[in-house]
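Please open the structure in a viewer and keep the sequence beside it.

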Amino acid sequence: MLPDELIAFLPCATPDAWVEQALAHPEELLIDHANCEKKAASTALNLMFRYIDKPDLLQKMSRLAREELRHFEQVTALMQRRGVTYRGLSASQYAQRLRQHVRTVEPGRLVDTLIVGAFIEARSCERFAKLAPHLDEELGDFYRSLLKSEARHYQDYLKLARTHAAGEIDDRIALFRELEQQAIVADDAEFRFHSGVAA
C-alpha cells in the first residue's frame, strides 16, 4: 500500500498505541486532520512568497497548496455529514520539534524547511495507511484515496531539498530523521494527528 522508499525514509512505524488513541478520539482526529491540511497549504504558500526566484519550487508548491486545500474541503465536508463541528484545537508539538532545528541562513533554511516538509508528508501518508483498515468504510476509503498525493508531496519536498542544496544533504536528513523518531515516540499530553503517544 505504501511505497517501500517512503517506509524506508521514516525512522519508525506509528505505535499501535497511537492508533488506539485515534480510534478513541474520532472527532479530534478529523478536526486535527483538517487543521493539518490547512497548515500544509499555508506552508506551501509561504514558500512561494519567500522564494519567488525558484520556478521549480513555485510550480510544485502551487500544486501542493491547491491539493491540500482540496483535502481540507473534503475533510470538513465529511465532518459536516457526521455532525462534527470544526473548532479550534491546540497544535501538537510534532512540527515544532522538527522546525526548531531548521537553520536560519540560506540556503540551509530552505533545505531544512523542505526536509521537514518531506517528513511531515511521509508521516501523514503512513498514518493514513495505518488507520484506514480500522475505520468505517467511508473514512477508510477516503484515507486510502489520500495516499498517492501525500506520497508525491513527500517526494516533491525531498527532490526540491536536493536540488536547492549547496551540497549533499544526507547528514541533514539523518538529523531530522532522528528528531522525527523522538517526536513520534514522545509522551504527549493530548491526542493529535501528528502527536506522539498521549500519556
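This is a predicted model: local features need pLDDT of at least 70, side-chain atom pairs count only at pLDDT 80 or more; totals for chains, interfaces and linings use all residues.

Residues are numbered from 1 along each chain as its sequence is written, and side-chain values use heavy atoms, with hydrogens and water left out.

First, select residues 55-81, helix α4; helices are DSSP runs of H or I with at least four residues, numbered from the N terminus. Helix α4 has 27 residues and reaches 39 Å from its first C-alpha to its last, close to the 39 Å expected at 1.5 Å a residue (the expected span is 1.5 Å times one less than the number of residues). After α4 comes G83, with a positive phi near 70 degrees.

Next, colour the buried residues of α4, among them L57, M61, L64 and F72; buried means under 20% relative accessible area with a 1.4 Å probe, protein chains only. The buried residues of α4 pack against α3 (26-50), α6 (108-131) and α7 (137-164).

Now centre on M61. Beyond its neighbours within four places in sequence, M61 is in contact (heavy atoms within 4.5 Å) with A44, L47, M48, Y157 and L160.

Finally, select C12 and C125. The structure holds zero disulfides, a disulfide being a pair of cysteine sulfur atoms within 2.5 Å. For C12, the nearest cysteine sulfur, that of C125, is 15 Å away. For C125, the nearest cysteine sulfur belongs to C36, 14 Å away. C125 is buried, with a relative accessible area of 0%.

Terms used
Helices (H or I, at least four residues) and strands (E, at least two) are DSSP runs, numbered from the N terminus. Buried means under 20% relative accessible area, exposed over 50%, partly exposed in between (1.4 Å probe, protein chains only).
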